[in-house]
Amino acid sequence: MDLLDVESVPGYVASVPELAARVGTVTDVREVGDGNLNLVFVVRDADGRGLVLKQSLPYVRTDPSWPMTRERSSREAYVLAAHQAIDAAHVPGLLFYDASQYVLALEDLSDHRVWRTVLNERDSASDDDVAAATALGEYIAAVGFGTSVLGIGSAAHKQAVATAINPELCEITEDLVLTEPFVAHDHNVVHPDNEADVAELAGDPDVRHAAGLAKLAFMTRAESLLHGDLHTGSVFVRFGASPSIRAFDSEFGFYGPLGFDLGMLWGNYVLAAARAAAQGQRGRAAALLDLGRVTWDSFESTYRRRWPTRQDPRVYPDVVLEALLGQVWTDAVTYAGAEVARRVIGFAKVADIESLPEAERVVAARRALRAARALLVHTLHGGTGPNPGTLADVAATPLGL
Ligand code: SR1
Ligand code: MG
């Protein structure tokens with residue numbers, strides 16, 4: 001079989017016993033993939049039973065001249081299964097993985113929406129977003145601790161680090177997030193009125209210093225099995241009577257520094273805040289920055305709750321926990337800055353900024369880049385923590401708040 005399409009999906013489902021057991025004759029197929037990489041189909045039978053099929057393309061969807069390993073599907077299946085075993089409430093259910101066709105069958109979350117889309121539609125602060133930010137702090141801590149050497153012990157950790165190796169997709173992050181925004185590169189395209197803002201960022205030697213340390217940590221510090229791409233577009237939300245928050249699309253997952261996932265999320269709160277501020281929603285922008293504190297607080301309390309269960313506690317007294325949390329915070333601040341910078345400058349931009357009218361877009365991009373710079377150099381310049389209010393403390397002024 002080659003790549004799936006809406007015509008071939010019903011036959012494919014019928015031919016795979018594990019899928020045919022879950023849905024009857026398929027009567028409705030919609031292709032809903034809107035990311036950079038994959039085909040995604042929502043599949044239903046006449047009784048309304050459904051599932052999602054996600055198949056990797058052998059190239060970048062938004063740039064077919066860029067080849068991409070299809071093995072990323074196996075890696076996503078591995079990460080998802082590992083995270084599901086630890087914190088099933090915060091990821092989509094993995095129903096089946098077809099390694100021969102690079103197809104993941106996933107729980108149908110069609111009654112959820114992508115959090116970034118929801119955030120971009122809002123014009124006032126919402127307790128629902130606080131609930132989402134809380135849930136994600138719990139998720140990051142649960143899987144961060146539960147996949148670490150503290151959670152599973154030395155031998156299992158070493159085996160997992162080897163199994164989860166994801167060199168091609170890590171290289172994309174090393175390039176797109178931790179290198180290209182800070183150097184001249186064809187992927188870097190901004191509005192002419194923002195070119196001086198980019199030059200200001202790239203011209204700061206401390207920015208490159210911070211990016212270099214962050215990149216080395218990303219490449220060498222195998223702490224926890226990360227989601228690896230935890231931006232607000234990788235989060236499904238269902239608010240209301242039966243709330244549900246799920247981190248999806250973990251194909252960039254690998255063993256890396258725990259602060260990376262937290263930093264990605266923080267960076268996207270800053271981008272949402274830059275949009276709100278450019279739209280004149282100052283109170284809402286401040287509330288979006290405060291989501292950084294919310295996620296940190298729930299991350300920290302979840303992590304602390306797990307600490308007494310750590311493996312081999314002989315040389316891990318509580319002072320080690322405090323140092324560990326300090327390192328996570330330091331990493332997160334820097335990765336947040338890198339994420340903001342790359343989403344404004346580089347290959348994978350975000351609707352938060354791009355969908356603004358031109359004048360507001362230029363202002364939002366300028367302010368976001370100033371916030372990115374402040375975050376990148378914050379710990380180099382003596383910022384100490386953990387400080388749960390870092391986003392508000394560091395990014396508010398650059399964002400004009
Ligand atoms: C070529 S992939 C570009 C970006 O899309 C993914 O969602 C990751 O964020 C990656 O950096
Ligand atoms: Mg993705």
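**Close-up views of a predicted model**

Arg 373 counts as partly exposed because its relative accessibility is 26%; buried means under 20% relative accessible area, exposed means over 50%, and partly exposed lies in between (1.4 Å probe, protein chains only). This is a predicted model, in which local features need pLDDT of at least 70 and side-chain atom pairs count only at pLDDT 80 or more, while totals for chains, interfaces and linings use all residues. Residues are numbered from 1 along each chain as its sequence is written, chains are lettered from A and ligands numbered from 1 in the order in which they are written, and side-chain values use heavy atoms, with hydrogens and water left out.

**View 1. Arg 373 and Asp 204 meet in a salt bridge.** A salt bridge here is a side-chain nitrogen of Lys or Arg within 4 Å of a carboxyl oxygen of Asp or Glu. For Arg 373 and Asp 204, the N to O distance is 2.9 Å. Follow the chain and you will find the partners 169 residues apart: Arg 373 sits in helix α15 (residues 358–378), and Asp 204 in the loop between α9 (195–202) and α10 (205–220). These helices (H or I, at least four residues) and the strands (E, at least two) are DSSP runs, numbered from the N terminus. Is Asp 204 buried or exposed? Asp 204 is buried, because its relative accessible area is 10%.

**View 2. Here are the two domains of the protein chain.** They are domain 1 (9–106) and domain 2 (113–395), with bounds that come from an automatic or database domain assignment. Taken over C-alpha atoms, their centres are 26 Å apart. To the contact (heavy atoms within 4.5 Å), domain 1 gives 25 residues and domain 2 gives 32 residues. The size of an interface is often given as the accessible area lost when the parts come together. Here the two domains bury about 2,200 Å² between them, 65% of it on carbon and sulfur atoms; buried area is the accessible area (1.4 Å probe) that two parts lose on being put together, summed over both. On the side of domain 1, the residues that lose the most area to domain 2 are Arg 75, His 83 and His 90, together 27% of what that side buries.

**View 3. Lys 54 and Asp 249 form a salt bridge.** How far apart are the closest N and O atoms of Lys 54 and Asp 249? They are 2.1 Å apart. Lys 54 is buried, because its relative accessible area is 4%, while Asp 249, with 22%, is partly exposed. The whole structure holds 28 salt bridges. Lys 54 lies in strand β3 (residues 50–56) and Asp 249 in the loop between β11 (244–247) and β12 (255–256), so this pair ties together parts that are 195 residues apart in sequence. The count of salt bridges between domain 1 and domain 2 is four.

**View 4. Trp 115 and its contacts.**

**View 5. Arg 122 sits in a loop between two helices.** The loop joins α4 (115–121) to α5 (127–146). With 18% relative accessibility, Arg 122 counts as buried. Beyond residues up to four places away in sequence, Arg 122 touches Asp 128, Asp 129, Phe 239, Gln 281 and Arg 284. The C-alpha atoms of Arg 122 and Arg 284 are separated by 9.1 Å, although the two residues are 162 residues apart along the chain.
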